[in-house]
Amino acid sequence: MVFSSPSLFGLAALGLVSLALAQTPPSAPDPHPLLPTWKCTSSGGCVQQNTSVVLDFEYRNVHVVGGTTSCLTGNFGMKLDPARCPNNETCARNCVIDPMNYANKGVTTSGNALTLRHYVRIDGRLTSASPRVYLMDEGTGKYVMMSLLNQELSVDVDLSDVPCGENGAFYLSEMTADGSKNPGQFNTGGAGLGNGYCDAQCQGYCCPEMDILEANSQANVFTGHPCIGNNCDKGGCGYNPYGSGQRNFYGPSKTVDTTKPFTAVTAFQASGGRLTSITRKYIQNGRTINSPGSITNCGSESGTGGLVGMGQSLQRGMVLAMSIWNDATQNMAWLDQGNNGPCRAGEGTPSNIQSRYPDTHVVFSNIRWGDIGSTTRS
């Protein structure tokens with residue numbers, strides 16, 4: 001979630017005076033793995049973007065100066081210990097952050113492809129990395145804000161090594177572009193340190209979430225989670241082909257054959273500035289495969305915002321997040337067991353995945369967004 005770097009807080013926001021307060025000499029922040037993406041229009045085609053990925057702040061090793069005790073606390077290690085970090089200046093004296101070794105956290109890039117590995121082997125020992133990364137604009141140092149109302153988002157994905165119980169997730173969160181919203185933290189490191197995460201389950205803080213693809217090789221779902229303030233549609237409005245009775249649509253050697261890569265294209269259709277539907281098509285081996293279903297309703301507009309509220313979030317702009325994870329509590333049953341998928345009870349336990357599929361990983365590549373119909377024209 002090596003060598004010493006400057007104080008976490010002096011590094012990004014407190015300037016030379018605060019850096020001088022740190023007991024560790026300053027050095028350059030760790031570079032983010034480059035991941036070219038494309039923004040497309042119907043008239044101008046697709047233009048390559050100068051983008052990269054950054055790991056969430058919780059994966060960083062933030063510790064006391066001269067020791068190994070963590071300066072992080074709270075659920076998921078996402079908050080700074082108030083005893084050591086009551087304010088920015090004190091934290092600059094007390095705590096340092098180690099530069100990130102992305103490969104050790106299960107993150108590698110090659111060209112336009114991002115590989116996320118749940119487990120990594122370090123010094124001969126298999127450890128859980130389960131990384132989560134966000135798409136950054138290298139020019140501005142901020143997260144890329146995708147405004148997708150009446151637009152589409154496409155991605156090539158390889159889920160062939162993602163078994164029952166595992167989730168290769170490709171989704172949107174209405175985070176702030178600069179990563180500055182960090183309830184309970186004095187962390188001013190911003191987007192460059194992977195700050196500011198939020199979702200409809202209220203990790204970090206509550207915000208709208210659009211799950212473009214939560215999937216493994218056996219099942220997949222796309223789901224909207226609108227919010228009004230802290231009132232979020234946690235269950236969401238989603239479409240799962242298997243759950244809708246299309247048992248032969250998605251999976252190994254099925255219509256969408258998950259033993260091979262495919263392209264998932266998600267379109268956010270609007271009329272009069274209001275989101276009216278969320279549709280999906282797949283492209284594999286040169287063949288376009290329309291999803292058997294779409295999302296046309298999303299709960300109560302007065303309660304959590306409904307489909308209209310989801311559209312408003314998409315119009316304001318959302319941050320792309322990508323992760324791989326498993327679920328010790330429910331074993332991902334909501335995704336791939338019973339009426340949701342073909343996986344057997346107990347098959348998706350983390351211990352079973354680690355022992356039988358230690359190399360489980362997902363590959364996301366060729367990420368494009370823009371006018372509907374423009375991202376897959378060539």
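In this predicted model, strand β23 (residues 262-271) and strand β24 (residues 274-284) run antiparallel and are joined by nine bridges. Two residues lie between β23 and β24, which together form a hairpin. In the turn of this hairpin sits G272, whose phi is positive, at about 60°.

Strand β24 also has a partner in strand β25 (residues 287-290): the two run antiparallel, with four bridges between them. Here, I283 stands opposite T288 of β25. Again the strands make a hairpin, with two residues between β24 and β25, and N285 takes a positive phi near 55°.

Stepping back to the whole chain, the secondary structure comes to five helices and 27 strands. The chain has 378 residues, of which 54% count as buried.

L135 belongs to strand β12 (residues 132-137). Because its relative accessibility is 0%, L135 counts as buried, the cut-off being under 20%. Which residues is L135 in contact with, leaving aside its neighbours within four places in sequence? They are L35, T37, T51, S52, Y143, V144, M146 and L320. A further distance can be traced from L135 to A191: these residues are 56 apart along the chain, and their C-alpha atoms are separated by 9.7 Å.

Definitions and conventions
Residues are numbered from 1 along each chain as its sequence is written. This is a predicted model: local features need pLDDT of at least 70, side-chain atom pairs count only at pLDDT 80 or more; totals for chains, interfaces and linings use all residues. Side-chain values use heavy atoms; hydrogens and water are left out. Two strands pair if DSSP finds at least two bridges between them. Buried means under 20% relative accessible area, exposed over 50%, partly exposed in between (1.4 Å probe, protein chains only). Contact means heavy atoms within 4.5 Å.
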